[in-house]
Amino acid sequence: MEIKAYFQDRQDAMVNLLKEAASLETPSDHPPSLKAFAQWWAGLLRGIRGLEAEILFDGDYPYVRAFLPSPRGGKPVLWLAHFDTVWPLSSLKRMPLREEGDRLFGPGVFDMKGGLIQGLFALRYLAERGEAHPPVVFLCTSDEEIGSHHSRAAIEKEARESRAVLVLEPPVGEEGLLKTWRKGIADYRIRVKGRSAHAGGEPEKGRSAIRELARIILEVESWTDFQAGLTVNVGVVRGGTRSNVVPEEAEGEVDVRVMDEGQARMIHERMKTLAPSGDGLLVEVTGGLNRPPMERRHTEALFRIAKEAGETLGLRLQETGTGGGSDGNFTAAMGIPTLDGLGAVGDGAHAQHEHIWKSRLPERAALLAALTERLSRFP
Ligand SMILES: [Zn+2]
């Protein structure tokens with residue numbers, strides 16, 4: 001219970017720091033803002049006794065790596081977080097930070113600066129308490145919302161050397177359900193080339209790329225199997241030049257969600273064998289798996305330990321899954337035990353009503369600290 005009181009006493013400090021973090025805007029496509037945030041954040045982390053924090057870059061994209069050693073030694077527990085948001089600069093003008101009862105609204109508070117703040121306070125607790133915890137690496141990246149192309153190598157390198165990965169992304173719903181599975185995401189682009197012709201003069205000489213793409217869209221979307229958790233969505237199409245021209249070119253962008261590697265392979269095979277339906281047409285497919293699925297077999301052992309840790313805090317933790325990806329997809333697919341959803345309880349990720357519940361910040365920070373301590377006995 002002592003651990004609970006520690007965090008409850010710090011609720012106001014957590015809320016105030018979260019407001020400060022959210023008032024520093026961090027759109028994924030604006031590296032100068034990301035760098036400014038990284039400097040502020042690393043400065044805060046360096047204020048924790050015994051903690052080393054450095055700012056590293058991949059191209060223009062910074063990430064902050066903090067390390068809390070432990071006299072016990074051994075492999076660290078990796079905490080994963082990101083500080084970029086989907087909100088463009090000046091979003092605060094349209095949706096300023098505001099409090100309404102127990103809720104704090106604002107861009108990025110839920111996805112996922114609330115999780116960052118919980119992580120900071122949990123690290124501070126572990127640093128002050130001393131020996132009971134394993135070493136911790138807290139990796140905070142800045143391109144998660146745009147696919148983690150700059151941070152993936154660093155994430156995988158840290159994960160390879162870790163005993164477990166805890167992802168500080170938001171949990172689901174008011175119950176704060178932890179995430180034990182996430183679908184994998186594959187992206188494809190389908191390009192069709194036909195032959196242009198005057199739509200009035202000699203249409204019979206044309207080969208319509210749009211018509212061919214339409215046929216392919218119906219085919220690939222028919223692979224969707226809701227029961228099996230497999231979906232194929234053509235979300236963007238482009239093509240043609242004028243209504244009186246038989247279109248020479250068309251392309252579609254496809255988002256595929258899969259439950260497991262087997263589904264991913266099956267879809268990939270089918271994509272690669274898409275063929276034109278007639279002479280004078282070319283079909284080209286590029287793309288593949290971007291985030292591999294986070295399968296439950298890589299998460300259930302950690303979830304069991306989280307449940308036990310939760311019980312010591314009076315929490316009855318439950319699990320769920322989601323079609324959305326996170327950086328936990330990468331680490332789980334490497335076979336490293338991973339648990340996701342350890343961030344702030346709230347709602348409205350990527351939406352105007354994004355918010356967190358202030359009174360739940362201490363509970364979740366306590367869970368992160370207690371779970372990490374428990375992992376000192378995890379191989
Ligand atoms: Zn996120």
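How many of the six residues of strand 3 (residues 77–82) are buried, and why is this strand largely enclosed by the rest of the structure? The legends below concern a predicted model, and the opening view takes up this question.

View 1. Six of the six residues of strand 3 are buried, so the strand is largely enclosed by the rest of the structure. In a regular strand the side chains alternate between the two faces of the sheet. In strand 3, Val 77, Trp 79 and Ala 81 point one way, while Leu 78, Leu 80 and His 82 point the other way, and all are buried. Strand 6 (residues 136–141) pairs with strand 3 in the parallel sense over six bridges, and in this pairing Trp 79 stands opposite Phe 138 of strand 6. Strand 7 (residues 164–167) also pairs with strand 3 in the parallel sense, over four bridges, with Val 165 of strand 7 as the bridge partner of Leu 78.

**View 2. Strand 8 beside strand 15.** Five of the five residues of strand 8 (residues 178–182) are buried, so this strand is largely enclosed by the rest of the structure. Its pairing with strand 15 (residues 319–322) is parallel and is made over four bridges, and within strand 15 the bridge partner of Trp 181 is Gly 321.

**View 3. The contact between the two domains.** The protein is divided into domain 1, which takes in residues 2–182 and 293–377, and domain 2, which takes in residues 184–291. The centres of the two domains, taken over C-alpha atoms, are separated by 38 Å. Seven residues from domain 1 and nine residues from domain 2 take part in the contact, and the side of domain 1 that touches domain 2 has two nonpolar, four polar and one charged residues.

**View 4. The two sides of helix 8.** Helix 8 (residues 261–272) has twelve residues and reaches 16 Å from its first C-alpha to its last, close to the 16 Å expected at 1.5 Å a residue. Gln 263, Ala 264, Ile 267 and Met 271 are buried in this helix; seen down the helix axis, the buried residues fall within an arc of 100°, so they line one face of the helix. The cover over these buried residues includes strand 9 (184–193), strand 13 (249–258) and strand 14 (282–291). On the other side of helix 8, Gly 262, Arg 265, Glu 269 and Lys 272 are exposed.

View 5. Four strands form an open sheet in the order 4-5-18-17, with antiparallel pairing, and its edge strands, each pairing on one side only, are strand 4 (98–100) and strand 17 (346–347). Strand 17 is joined to strand 18 (residues 355–357) by two bridges, and Asp 347 has His 355 of strand 18 as its bridge partner. His 350 lies in the loop between strand 17 and strand 18, where its phi is near 60°, a positive value in a residue other than glycine. With 14 other C-beta atoms within 10 Å, His 350 is partly exposed.

View 6. The peptide bond from Asp 111 to Met 112 is cis, with omega near -5°, and Met 112 has its place in helix 5 (residues 109–129). Ser 148, found in the loop between strand 6 and helix 6 (152–160), has a phi near 60°, a positive value in a residue other than glycine. Ser 148 counts as buried, because it has 25 C-beta neighbours inside 10 Å.

How values were computed:
Residues are numbered from 1 along each chain as its sequence is written. This is a predicted model: local features need pLDDT of at least 70, side-chain atom pairs count only at pLDDT 80 or more; totals for chains, interfaces and linings use all residues. A residue is buried if 20 or more other C-beta atoms lie within 10 Å of its own, exposed if 12 or fewer, and partly exposed in between; C-beta atoms are placed from the backbone. Two strands pair if DSSP finds at least two bridges between them. Domain bounds come from an automatic or database domain assignment. Two residues are in contact if their C-beta atoms, placed from the backbone, lie within 7 Å. Ala, Val, Leu, Ile, Met, Phe, Trp, Tyr, Cys and Pro count as nonpolar, Asp, Glu, Lys and Arg as charged, and the others, Gly among them, as polar. The expected span of a helix is 1.5 Å times one less than its number of residues. The arc is that of the directions from the helix axis to the C-beta atoms.
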